[in-house]
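Please look over the sequence and the model before reading on.

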Amino acid sequence: MSVVTPFVAAGGVLVWLEPWTFPVALWSWAHAWAIPMLYGRRAGRALVPIGSPRSAAHADAEADRVALGLLGDLLGHRERELMAATGLALQRGALGVWLLGEKGALLVRPGGRRVDSWCVRIADPGGLPAGDRVAHLLLALREDEEGFCTIANMDFSGAAWRVRRHLPERARPALDEGRRVARGGSG
């Protein structure tokens with residue numbers, strides 16, 4: 001909203017001051033629409049599900065299987081099923097509901113309408129299996145949720161629907177489930 005408001009207001013003021021500036025106002029309003037859309041796309045691309053084409057390649061299939069098993073041990077039954085289907089791990093926290101992928105996380109705020117996207121860079125992505133990368137993020141989040149927010153890079157904060165459109169099709173049910181839980185749904 002803080003990005004949209006100045007562009008919408010500037011376009012309105014231009015038209016109010018001089019109606020002939022309407023084409024310039026349209027340009028300003030187009031910025032108000034495009035900038036949040038681009039940031040939502042960036043957030044959707046930052047959340048990489050386990051096993052997606054954008055995930056880091058790891059050569060050892062046995063290590064991948066073991067890492068996924070250990071990650072599954074950290075999750076409850078419903079969260080494990082959700083991770084198997086979507087490639088994202090769901091974790092409830094004090095700040096909201098987290099969805100963790102290989103390279104980042106989404107925080108679904110209480111109420112389920114807004115999300116924050118966090119990008120986490122890993123120095124050697126080829127050295128760890130995907131399940132281990134997600135497990136490390138999950139354990140860091142459980143240990144210190146606010147500290148996790150200070151070391152991760154926030155790259156989007158806004159409406160959940162803006163991010164959902166740009167998530168891989170497979171990962172969208174995880175966001176839907178995160179929103180349901182953030183609204184107070186059981187599970």
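How many bridges join S2 to S3? Four bridges join these two strands, which run antiparallel. The model is predicted: local features need pLDDT of at least 70, side-chain atom pairs count only at pLDDT 80 or more, and totals for chains, interfaces and linings use all residues. Residues are numbered from 1 along each chain as its sequence is written, and side-chain values use heavy atoms, with hydrogens and water left out.

**Sheet**

- Five strands make an open sheet, ordered S1-S2-S3-S4-S5, with antiparallel pairing; strands are DSSP runs of E with at least two residues, helices are runs of H or I with at least four residues, and both are numbered from the N terminus.
- Strand S1 (89-92) and strand S5 (153-159) are at the edges with a single partner strand each, so one side of each has no neighbour in the sheet.
- From one strand to the next, the twist averages 20° (axes are lines fitted to C-alpha atoms, for helices over the stretch in contact, and angles run from 0 to 180 degrees between N-to-C directions).
- Two strands count as paired if DSSP finds at least two bridges between them.
- S1 and S2 are antiparallel and share four bridges, and Leu-90 has Leu-99 in S2 as its bridge partner.
- Four residues lie between S1 and S2 in their hairpin, and Gly-96 in the turn has a positive phi of about 150°.
- Leu-99 is in turn the bridge partner of Leu-106 in S3, and a hairpin of three residues joins S2 to S3.
- Strand S3 (residues 104-108) is joined to strand S4 (residues 114-119) by five bridges in the antiparallel sense; here Leu-106 has Ser-117 as its partner in S4.
- From strand S2 (residues 97-100), Val-97 and Leu-99 point one way while Trp-98 and Leu-100 point the other way, and all are buried (buried is under 20% relative accessible area, exposed over 50%, partly exposed in between, with a 1.4 Å probe and protein chains only).

**Helix H2**

- H2 has 25 residues and spans 36 Å from first to last C-alpha, close to the 36 Å expected at 1.5 Å a residue (the expected span is 1.5 Å times one less than the number of residues).
- Buried residues in H2 include Ala-25, Ser-28, Pro-36, Met-37 and Gly-40.
- The buried residues of H2 pack against helix H1 (4-17), S3, S4, S5 and helix H7 (160-164) (contact means heavy atoms within 4.5 Å).

**Cysteines**

- The structure has zero disulfides (a disulfide is a pair of cysteine sulfur atoms within 2.5 Å).
- The closest cysteine sulfur to that of Cys-119 is in Cys-149, 14 Å away, which is too far for a bond.
- Cys-119 is buried because its relative accessible area is 12%, and Cys-149 is buried because its value is 17%.

**Selected residues**

- Glu-79 is in helix H4 (residues 77-86) and counts as buried because its relative accessibility is 12%.
- The Glu-79 side chain makes a polar contact with the side chain of Arg-92 at 3.2 Å (a polar contact is a pair of N or O atoms within 3.5 Å; within protein, one must be able to donate a hydrogen and the other to accept it, and residues adjacent in sequence count only if both atoms are side-chain atoms).
- Gly-51 is in the loop between helix H2 (22-46) and helix H3 (61-74) and counts as exposed because its relative accessibility is 61%.
- Not counting residues up to four places away in sequence, Gly-51 touches Glu-102 and Arg-170.
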